[in-house]
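Here's a quick briefing to read alongside the model. Have the sequence and the 3D view open as you go.

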Amino acid sequence: MGLRPGQTALDLGCGTGRVLPALRAEVGDKGTVLGVDVTPAMLTAAAREGRDGDLAHLLVADCLRLPLPSGTVDGIFSAGLLDHLAEPAAALREWARVVRPGGPLLLFHPSGRAERAARHGRPLSPDDPLAEPNLRRC
């Protein structure tokens, strides 16, 4: 993600925390890693795997209403989370609120836009926040 030692990394929809060690490696011992998930059982599994404590702070929270001040996160990673949200554009606005100006937002999607639209029973739309024209640098 191009983060530096001492910065703050946020994994939204962290699940069992598989990415947390990589984020810790980027921000180093003096940085902060936050793993956020709305499902307490996922965070319990992350803790069971040793992905809490000195590695990361685990937080039960809704990604549409993050309990973080604006501009306090240096970079956000999210894998497949937007697939599960009814309002992805609202989520992206909230994520943009908490990341510092110019901070990276790294989204990973295990499926393409067409597959996601079909899975959720909706047509492929140019208004999709993940459509190429809508993914512009702010």
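Which residues of the largest nonpolar core touch the most other members? Out of 18 residues in that core, the answer is Leu10, Leu12, Leu66, Ile76 and Trp95. Keep in mind that this is a predicted model.

**Nonpolar cores**

- Take Ile76 as a way in: leaving aside neighbours within four places in sequence, Ile76 is in contact with Met1, Leu10, Leu12, Trp95, Val98, Val99, Pro104, Leu105 and Leu106.
- There's also a second, separate core of eight residues, and among them are Ala9, Val27, Val33 and Leu55.
- As a general point, nonpolar side chains tend to be buried together in soluble globular proteins.

**The second largest pocket**

- This pocket has a volume of about 480 Å³.
- Its lining takes in 25 residues, and Gly13, Cys14, Gly15, Asp37 and Ala79 lie nearest the centre.
- S2 and strand S4 (75–79) each supply at least two residues of that lining.
- By residue type, the lining splits into 13 nonpolar, seven polar and five charged.

**Salt bridges**

- The count comes to three salt bridges.
- Asp74 and Arg100 pair up through their side chains at 3.1 Å, N to O. Asp74 sits in the loop between strand S3 (57–60) and S4, while Arg100 sits in the loop between H3 and strand S5 (105–108), so this pair ties together parts that are 26 residues apart in sequence.
- Within that pair, Asp74 counts as buried at 14% relative accessibility, and Arg100 counts as partly exposed at 24%.
- Arg97 bridges to Glu94, with the closest N and O atoms 2.9 Å apart. Both of these residues, Arg97 and Glu94, lie in helix H3, three residues apart, which is about one turn of the helix.
- Is Glu94 buried or exposed? Glu94 is buried, because its relative accessibility of 11% falls under the 20% cut-off.
- Arg65 forms a salt bridge with Asp62, and here the closest N and O atoms are 2.7 Å apart. Arg65 counts as exposed at 59% relative accessibility, whereas Asp62 is partly exposed with a relative accessible area of 24%.

Notes:
Residues are numbered from 1 along each chain as its sequence is written. This is a predicted model: local features need pLDDT of at least 70, side-chain atom pairs count only at pLDDT 80 or more; totals for chains, interfaces and linings use all residues. Side-chain values use heavy atoms; hydrogens and water are left out. A nonpolar core is a set of buried Ala, Val, Leu, Ile, Met, Phe, Trp, Tyr and Cys residues joined through side-chain atoms within 4.5 Å. Buried means under 20% relative accessible area, exposed over 50%, partly exposed in between (1.4 Å probe, protein chains only). Contact means heavy atoms within 4.5 Å. On a 1 Å grid over the protein atoms alone, a cavity is a set of points where a 1.4 Å probe fits but cannot get out, and a pocket is an open set with protein on both sides within 12 Å along at least five of seven lines; lining residues have an atom within 4 Å of a point. Grid points are joined across faces, edges and corners, and a volume is the space filled by probe spheres set on the points. Helices (H or I, at least four residues) and strands (E, at least two) are DSSP runs, numbered from the N terminus. Ala, Val, Leu, Ile, Met, Phe, Trp, Tyr, Cys and Pro count as nonpolar, Asp, Glu, Lys and Arg as charged, and the others, Gly among them, as polar. A salt bridge is a side-chain nitrogen of Lys or Arg within 4 Å of a carboxyl oxygen of Asp or Glu.
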